[in-house]
Structure formats: structure tokens, C-alpha cells
Amino acid sequence: MKLTTEDYIHILETCEIKGHDEAILRILRYIELGYPVMLYGPPGNGKTTIAEHILSYIGGDESSFLKIEATEGMSEYQVIGGFHPLAMSGNAELAKEFMYKDGIVTRAIESGKNLLIDEFTRAPSSAYSGLFLLLSRDTLPLEYKEIVIKKPEGWVLISTANFGDEGTFKLSNALKRRFVPINVGYVSSATEKTVISNITPDLDPEVENAIILFASETRSLWRKDRSIPQGLSTDGVIKMARYCELAMSQGFDAKSVFVDAAFHQGTIIADETDPHSVHLVHELALKIAEDM
Ligand SMILES: Nc1ncnc2c1ncn2[C@@H]1O[C@H](COP(=O)(O)OP(=O)(O)O)[C@@H](O)[C@H]1O
Ligand SMILES: [Mg+2]
């Protein structure tokens, strides 16, 4: 896969996600070099959107790649394929029609499409044993069909993952090494200001500042001692900004709409089973509101 300087510039300029130019450049270089990449970082900071944007551009449009979102119950069957349950049907017609079912990797390769595996670590590593072989050896025997598939030249595989989130599996080291990890973390407050000024141009500037401060303080709490499991994401910042803009247009005051929105998002980012964690976020919101 060869990309020109114009491609790089176009991809950066048209990306909806702001403030991740470094990460995007790194991803593009590894794609050019033919390595699968894994975008990792806390939820709501643009991983999926960046991956889809890049894949759409390099393949021409959204139909040029397949996408699967991994789940806890996912297995080799969804990833590579296997005998269709109806192959065992007592009905001969049905059994003939549904011999086997290709998984997402097989379908992508056979139809000449690139692949996005979103939320990779939601599935256990065992779901990826076939993919692992394919990435290690460039070929994979499909036992259920008695054929061998080959990793195509220039095939692009991107995955996204959250390494620390509840409900994720730890990647096996061997599998982890097949991907180049690229961090997509929290963006700067300055970038977030630009993002929300575009989305909510009528937002009260005082509320805007309070939201940005709330976001950066929750991230500091997370970084310092993990007293909350994650900081507020840019997605959360946008939701707060939109809620506050709407509620204030209905006549509610700045302080109360801010606290209201902060409590909603606070419940998402705090560990809701830990009263201390929820309390911390609430205290933070009230303190910021006091200084407004
Ligand atoms: N840096 C950013 N700039 C602009 N929008 C952002 C940014 N980060 C997140 N968003 C918004 O949050 C939404 C969710 O992002 P998403 O790609 O689903 O994140 P992730 O996959 O990391 O959970 C995006 O569609 C976008 O609207
Ligand atoms: Mg995502």
C-alpha cells in the first residue's frame, strides 16, 4: 500500500476527530509498511471514527472494508468460520444449503476488502487463533472447507481496543505482538475548546470553561491514582456541551445545568458500584460550579 503526501494531508484535513494528527500519521505509516495496527485508549476519544475514516479513504468508500464489533461470546466461528449449525439439520435440503459459514476475516479476504475489528479485547484471545495463524504465516487452512486462504498483498487490518476497561479480556502476548499499538488518548483542552465551539456555538463561555476544566480534572484523578476508572472523554465533553446549550436556551441557569450534566457524565465515568468514586466526581462538579 503506497500513500502519497497528498493522501496523508487529505486524510488529516478531512478527519472529524481533532487533535490526533500524530496518531493518524503513525497509523498511516504502519499501514504503508503493511503492518496491522491496534488503536488503543479510553472509550469516547475517537478510535473507531479514526479507523473508519482511514479505511474509507484508502479503499475509496465505506463499502471497501468490513467491520465487526467483538463481543464476549465471540469465537473462531464468527472470526474465521466453521460448519453452519443447519449443516446438521435433519432436513437434507437445508443441510445442503447451509454447509458452512465464513467468518468476517474469511469474507473480507474472499471479497477483497479490508477489515476493522472494533473493540478487539471484548472477545477472548481464543476467538482469534485462526487470525493469529494468518498474521504469523500469511496463510490459513480452512479445515471446514478444505482450502487455504492467503493474506492478500496490501490487505489492511485495523483493530481498536481498550486495555483496561471492565469487561475486556487481556490479550495474549503472542497475539498482541501481531499488531502495532498506537495510543489514542485524551486531547488537549485547547483542541476540545475548538471542537465544542464548532458543535455548540451558542454555549455560554463560562459553562464551556467549566466543562473543559471538569474534563481535565477527571483525567488527572484517573492518572494520579485510578480513583476513578477513566476520565471524561471528548465524547462526554460534547454531550455535556450540547445538553447545557439546550437547557440554557430553555431558561435554566448556568450553574445548575452544568452540575446536572456533570452528574450524568460523572455516573458514566465513575465506578457506579463504588460510592467513593461517584462521590469524588460529584464533589468535583460542585466545586467547579461554586467557582463559576
Ligand atoms: N478529538 C475529537 N475531536 C472531535 N470529536 C471527537 C473527538 N473525540 C471524540 N469525538 C466524538 O466522539 C464520538 C465517539 O468517538 P468514537 O470514535 O466512537 O470513540 P472510541 O471508538 O474511542 O470510543 C465521535 O463520533 C466524535 O463525535
Ligand atoms: Mg469505539
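Student: Which of the 18 residues around ligand 1 come nearest?

Tutor: This is a predicted model, where local features need pLDDT of at least 70, side-chain atom pairs count only at pLDDT 80 or more, and totals for chains, interfaces and linings use all residues. Residues are numbered from 1 along each chain as its sequence is written, while chains are lettered from A and ligands numbered from 1 in the order in which they are written. A residue is near a molecule if its C-beta atom, placed from the backbone, lies within 6 Å of it. Of the 18 around ligand 1, the nearest are Lys 47, Thr 48, Thr 49, Thr 234 and Asp 235.

Student: And which elements give two or more residues to that shell around ligand 1?

Tutor: Helices here are DSSP runs of H or I with at least four residues, strands are runs of E with at least two, and both are numbered from the N terminus. The elements giving two or more residues to the shell are helix 3 (47–59) and helix 11 (234–249).

Student: How do the residues of the shell around ligand 1 divide by class?

Tutor: Ala, Val, Leu, Ile, Met, Phe, Trp, Tyr, Cys and Pro count as nonpolar, Asp, Glu, Lys and Arg as charged, and the others, Gly among them, as polar. On that basis, the shell around ligand 1 has five nonpolar, nine polar and four charged residues.

Student: What domains does the shell around ligand 1 draw at least three residues from?

Tutor: The domain bounds come from an automatic or database domain assignment. The shell draws at least three residues from each of domain 1 (5–183) and domain 2 (189–290).

Student: Let's look at helix 7. Where do its buried residues fall, seen down the axis?

Tutor: Buried means 20 or more other C-beta atoms within 10 Å of a residue's own, with C-beta atoms placed from the backbone. In helix 7 (residues 129–137) that gives Gly 130, Leu 131 and Leu 134. The arc is taken from the directions from the helix axis to the C-beta atoms. For helix 7 the buried residues line one face, because they fall within an arc of 100°.

Methods. Buried ≥ 20, exposed ≤ 12 C-beta atoms within 10 Å, placed from the backbone.
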